Amino acid sequence: MKKLFTLCFLFFPLLNFAQSGGKIGFRYDQTPAVSVNGRALLNPWAGGLNATQYSTIRLNADSRDDLLVYDRATSKISTFIAVDNPAGTGINWQYAPEYETAFPAVSGWILLVDYDLDGQKDIFTPGAGNVLVYHNESQNGQPAFKLVANPLMTEGFSGLIQLYIGTVDVPAITDYDDDGDIDIITFDVTGNLIAYQQNMSVERTGKKGGLDFKRYQNLCWGHFQKEYCNDFTFGVQCDGSGRVGVEPDKATLGKARPLHTGNTLTVVDTDGDGNKDLLFGFVTCENIARLRNAGPNSEKANFTSYDSLFPAANPILFPAFPATFFEDVDGDGQKDLLASPNVSYNENQLFDFRASGWYYKNKGTTQKPDFQLVQKDFLQSDMLDLGEQAAPALADLDGDGDLDLLVGYGGVGTGTEYRGASGSLRTKALQRLLPFRSLRPITWESINR
């Protein structure tokens, strides 16, 4: 159930006029339990998720990575801490909204990467046609961030310029050349050619952990270019020989207009050959394409072919614009694969935002992954999420003296039509749910979902 329900229902005032001088305070209360078909939901009041981006980060003072989830459709950051699974198998994700205010406002995308190798992940996020970087200065389980690059700069073909990443795109930020500092792989303003922003900190100073970027001077890094959905040209040469794909004229690059905006990239060595491949999503594509890197090494990329369905078993398919994220979300030390649509709203009501977080467990290793689909509603399955545009009302639906919860919502797409619907929750408690009373004694069970 989306944010309207959370705002209208969960923020109950705690009235203590004698001690507060007549002021009203609010507390976010997650304690009311909810069960659906006999299964207790871990995070029933988290508010639902639509089009999600995932990054692990250490939030509290324990030794485990936690999770940040950014919902592009609502521009909302949600934070989850890792807790022990009661069955003793792996971890669960407990919603922890108290950490959310530590993060800056975000629009478009957010990736958390430890650029200075201090053990704490930093923030990369869009500015106005550029990139902002926030350094992680957290201490003792208290997240804190300081803006250190506004904007992030790179050495272009004609000098130092702002590093461009479109707000619609999702770049790959990783140590691609394995020299110890992070590089940035994205598309240039044309939307068709890869811009490999190599971090030159090690090359120029011998020290890791800087933000000294230089665009790779060949425009056809990776020896390929793209046009539309699943439309790739490989074997692009940059020597002006007239062979497949001649390098574009650098003099005209600055005059280029964005043509095919909307690209997502993730770097993963999908086959364990030591060469880092690309997982690519496009705004008009349903699928994730895997671009195979033939090497000869991680620095000198040469993409030679692609697979339109990835993973081969249970491939990622959304109505449009899929994005992927490579993070360990089960606590076994191996990075898993997550996928979600990279959209800002439910265009033509094509997306099922109740099952839009696909989780593929890595049953191999980070170096040689084997992605197996586990669920299509990662985190969402533990939330009370009836649908978009939810509006709650309290009424005694069964005449037992307790106020129950009736929720109307925008409905569910069936492929050919969009049908409105409603759901209800019945209280299971001896006392009535009265205005301004704490929800702690109340539990709920689903009547209709």
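This is a predicted model: local features need pLDDT of at least 70, side-chain atom pairs count only at pLDDT 80 or more; totals for chains, interfaces and linings use all residues.
A disulfide is a pair of cysteine sulfur atoms within 2.5 Å.

**The disulfide**

The bond joins Cys229 to Cys285, with an S to S distance of 2.0 Å. The torsion about the S-S bond of Cys229 and Cys285 is about 130°, so this disulfide is right-handed. Both cysteines sit in loops. Cys229 lies between strands E19 and E20, and Cys285 between strands E22 and E23, so the pair ties together parts 56 residues apart in sequence. The cut-off for buried is under 20% relative accessible area. Cys285, at 2%, counts as buried. Cys229, at 30%, is partly exposed.

| Cysteine | Relative accessible area | Class |
|---|---|---|
| Cys229 | 30% | partly exposed |
| Cys285 | 2% | buried |

**The chain overall**

The protein chain has four helices and 32 strands. Of its 449 residues, 50% count as buried. Its accessible surface comes to about 19700 Å², and 50% of that belongs to carbon and sulfur atoms. Among contacts with a separation of 6 or more, 48% are between residues 24 or more positions apart.

Strand E11 (residues 131-136) runs antiparallel to E12, and four bridges join the two. Asn136 stands opposite Phe145 in E12.

**Nonpolar cores**

In soluble globular proteins, nonpolar side chains tend to be buried together. Here the largest nonpolar core has 34 residues. Those with the most contacts inside this core are Leu67, Trp93, Phe124, Leu152, Phe378 and Leu379. Strands E6, E7, E8, E9, E11 and E25 each supply at least two of the core residues. E8 gives the most, with three.

Which residues does Phe124 contact, leaving aside its neighbours within four places in sequence? The list includes Trp109, Ile110, Leu111, Val113 and Tyr115. Val131, Leu132 and Val133 are also among them, as are Leu152, Ile173, Ile182 and Leu211.

A second, separate core has 20 residues, including Tyr196, Trp221, Ala289 and Leu291.

How values were computed
Residues are numbered from 1 along each chain as its sequence is written. Side-chain values use heavy atoms; hydrogens and water are left out. Buried means under 20% relative accessible area, exposed over 50%, partly exposed in between (1.4 Å probe, protein chains only). Contact means heavy atoms within 4.5 Å. Accessible areas come from the Shrake-Rupley method with a 1.4 Å probe; for residues, only the protein chains shown count as cover. Two strands pair if DSSP finds at least two bridges between them. A nonpolar core is a set of buried Ala, Val, Leu, Ile, Met, Phe, Trp, Tyr and Cys residues joined through side-chain atoms within 4.5 Å.
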